[in-house]
Amino acid sequence: MPWYALYTQSRQEKKVAARLEQYGIEAYCPLIIQMRQWSDRKKKVEVPLLPSYVFVKLAPQEREKVFQVSGVVRYLYWLGQPAIIREEEIVVLQEWLQNTVTSFEVRGIQPGDPFEIPSGPFMGKKGIVSKVEKNRLILVLEELGVKIILNT
């Protein structure tokens, strides 16, 4: 059975994944932990890695079942067909999220400098520093075509 990507209503990813599981549909909502700050406190919060997306694994003839769940908007399409995500891609994503990133210190680094990630899931990847802020570094990984934010 293939994996499909579902587009959900805003901020409904975790609820949709839980409801899909209740209906007997295998669902995966990749989550990361972020530090959020309010006026009176800081707190670690679990948020979706891909806002408004949930992955589901089901047979093509059962694709309509997902619309019984409130919060599901539509499937993600590619070339007129629901996009199919390979099992290997889901496994890589799950393994990547299991790795923890250790903290690092941003010192003497300027925008435009080359930078190699010292630890974590992108360990050894090289990129160009795009922006340096007080407690984070924005890095462009040209090899992967992505921009990532490294927090200290």
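Biologist: Which residue in E12 is the bridge partner of Ile-128?

Modeller: Strands of a sheet pair through backbone hydrogen bonds, either parallel or antiparallel. In this predicted model, the partner of Ile-128 is Val-140 in E12. Strand E11 (residues 126–132) and strand E12 (residues 136–141) are paired in the antiparallel sense, with four bridges. Two strands count as paired if DSSP finds at least two bridges between them. Strands are DSSP runs of E with at least two residues, helices are runs of H or I with at least four, and both are numbered from the N terminus.

Biologist: What should I know about the model before reading on?

Modeller: Residues are numbered from 1 along each chain as its sequence is written, and side-chain values use heavy atoms, with hydrogens and water left out. The model is predicted, so local features need pLDDT of at least 70 and side-chain atom pairs count only at pLDDT 80 or more, while totals for chains, interfaces and linings use all residues.

Biologist: In what order do the strands of the open sheet stand?

Modeller: The order is E10-E11-E12-E13, four strands with antiparallel pairing. Strand E10 (114–116) and strand E13 (146–151) are at the edges with a single partner strand each, so one side of each has no neighbour in the sheet.

Biologist: How many helices and strands does the protein chain have?

Modeller: It has two helices and 13 strands. Of its 152 residues, 32% are buried, where buried means under 20% relative accessible area, exposed over 50%, and partly exposed in between (1.4 Å probe, protein chains only).

Biologist: How many residues of strand E1 are buried?

Modeller: Five of the six residues of E1 are buried, so to speak mostly covered. Strand E5 (residues 53–57) is mostly covered as well, with four of five residues buried.

Biologist: Is Ile-85 buried or exposed?

Modeller: Ile-85, in strand E9 (residues 84–85), counts as buried because its relative accessibility is 14%. Leaving out residues up to four places away in sequence, Ile-85 touches Trp-3, Tyr-4, Ala-5, Phe-55 and Ile-90, a contact being heavy atoms within 4.5 Å. Val-56 is 29 residues from Ile-85 in sequence, and their C-alpha atoms are 9.5 Å apart. Across the protein chain, 50% of the contacts between residues at least 6 apart in sequence join residues at least 24 apart.

Biologist: How do I read a salt bridge, and how many does the structure hold?

Modeller: Side chains of opposite charge can pair when their charged atoms come close. The cut-off is a side-chain nitrogen of Lys or Arg within 4 Å of a carboxyl oxygen of Asp or Glu. The structure holds five salt bridges. One of them joins Glu-87 and Lys-57, whose closest N and O atoms are 3.1 Å apart. Glu-87 is in helix H2 (residues 87–98) and Lys-57 in strand E5, so this pair ties together parts 30 residues apart in sequence. Glu-87 is partly exposed at 33% relative accessibility, whereas Lys-57 is buried at 18%. Glu-89 and Arg-86 form another, at 3.6 Å between the closest N and O atoms. Shared partners join Arg-86, Glu-88 and Glu-89 into one network of salt bridges.
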